[in-house]
Amino acid sequence: MLIATMDASIVIISLPAIFRGIGLDPLAPGNIGYLLWMILGYLLVSAVLVVVLGRLGDMFGRVRIYNLGFLIFACASVALSLDPFRAGAGALWLILWRVVQAFGGSMLTANSAAILTDAFPARQRGMALGINQITALAGQFLGLLAGGLLAVVDWRAVFWVSVPVSVTGTVWSYLSLRETSAGRRGRVDWLGNVTFAAGAGILLAGITYGIQPYGASATGWGNPWVLAGVIGGVALLLFFCFVQTRVAEPMFHLALFRIRAFAAGNVAALLTSVARGGLQFMLIIWLQGIWLPLHGYAFEDTPLWAGIFMLPLTLGFLIAGPVSGYLSDRFGARMFSTAGLVLVAASFLGLLALPIDFGYPQFAALLLLNGIGQGMFSSPNTCSIMGSVPPEYRGVASGMRSTFQNSGTALSIGVFFSLMVSGLASSLPAALGGGLRAHGVPADAAAHAASLPPVSTLFATFLGNNPIEHLLASDGTLDRLSSAQRAALTGHTFFPHLVSGPFHDGLTIVFSVAAGMALVSAVASALRGGHSPATDTAPPAREPAAEAGTSREAAQPRPDTHA
């Protein structure tokens, strides 16, 4: 779980080194697609395929699918580190093998929680799933630190780190893991698989492309292709839900949502995942684009230091996750998960109250509080979800849980980048144009730079580039200025001071929405109710309704008894 989730985020921080290594400018016209798919390819595959692979684990054996996933992950890690191409071809090689790597990683994440649920008795399950879940969450943020450290050595080292772990893990899992659950053979729901994968993939891709400018608009939500993707994806998912009510052995067991703990836990997990993803990306931009340069760090060094300064967040996960998982075995999940989400919302409001140039102790304390809150929520919530379903459905339940969590991360990019761009679009152009003219930039060049969409400035900051240098160097404007003017414009303080006001406008929107999501998640968590965990002994497998002559409803999982 650690290496699978680290690889989902390790590329984010190391993208500048990767693109320099293959000789490609990701911010040049026509190359923005490479940038988006380097970030999103892994997340989209992880979001779309985990349910399918969890279902296959139920049918053919969870350990078998898990082991095969480790093997695929290892092979893809080796291929990524051996990219033989440059420029566009090199980027396509990395994107395609990242997709393959995500396929293997999805086989791991879809079945790991189900394997642990099978292996541990109910009294120890919270601790086991807590360690597993917190390892996954910590991996998302440790990947940022590892990417920053390894990119300094060599861009290929970002992919080398996965090779020994994945190869060792493959051998270890094949030698040590044993199947503890009887596979429940059945037919593959091909129509359900295709409609879900297509619908979810098109929807998430459409939302993501909504952050790109279209025409005179700062975002792409007026782009017919984006609208068609969003509407078409939703239509396919609605058709998928209809299909699932008409097949004897559905891929997505909608009847599981009649279990209150399962439904409430997944709603809370989805909203929390969106808020957590937004926090991750906003903190990177805040630290790399403003705070670190103001404190003397060169723009090219900010990706590494951003990962280091966000370590209190990971520390909070590691402290609270196993402890809350252990305590939830004794006292139940609702109290810990709900209280954790209240802490998460409080931390968002605290971040909202900080000035742009904050004092680090206060910032670190709020990150620690956020990490503790997310740790208190994630472990008990995962245990509650997995313990509420019948044993024969644990694989698909684990996949459904992972789908909501991974979809939230992918959604957060489109949602929060769009919110930030909307906040910047109202005030950044005027501030940027005025600041450039005040430092000797010709009016036409300043107007051109100010008219560029804010998303290009965000991506430049995200990649650890000096945004002003990126805006003015391409047309030779910098070369026509005096050395003093160039030094002032491209120094550590001009851009951070210039963007502080507009950025705070966007940050207010983002963190307000994130706090609202955390509070709605807390309400959903509180409504999960008390439940009697499903027994550890699976009932005899039932034949599909069409063959056994029973009603379709009889073949569905039965809800637990609620207190």
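**Exercise 1. Decide how helices H2 and H8 run relative to each other.**

H2 and H8 are roughly antiparallel (an angle over 145 degrees). This is a predicted model, in which local features need pLDDT of at least 70, side-chain atom pairs count only at pLDDT 80 or more, and totals for chains, interfaces and linings use all residues. Residues are numbered from 1 along each chain, and side-chain values use heavy atoms, without hydrogens and water.

Step 1. Take the elements: H2 spans residues 32-60 and H8 spans residues 190-209. Helices are DSSP runs (H or I, at least four residues).

Step 2. Read the geometry. The two axes come within 10 Å and cross at roughly 150 degrees. Axes are lines fitted to C-alpha atoms over the stretch in contact, with angles from 0 to 180 degrees between N-to-C directions.

Step 3. Assign the hand. H2 passes H8 in a right-handed crossing (near helix turned clockwise from the far one by less than a right angle).

**Exercise 2. Describe the contact of H2 with H8.**

Step 1. List residues in contact (heavy atoms within 4.5 Å). H2 gives, among them, Leu 36, Trp 37 and Leu 40. H8 gives residues including Asn 193, Phe 196 and Tyr 209.

Step 2. Sort by class. The contact has 13 nonpolar, three polar and no charged residues. Ala, Val, Leu, Ile, Met, Phe, Trp, Tyr, Cys and Pro count as nonpolar, Asp, Glu, Lys and Arg as charged, and the others, Gly among them, as polar.

**Exercise 3. Find the helix that gives most to the lining of the largest pocket.**

Step 1. The largest share, six residues, comes from H7.

Step 2. Sort the lining: 15 residues are nonpolar, eight polar and one charged.

How values were computed. Helices (H or I, at least four residues) and strands (E, at least two) are DSSP runs, numbered from the N terminus. Angles under 35 degrees count as roughly parallel, over 145 as roughly antiparallel, 65 to 115 as roughly perpendicular and the rest as oblique.
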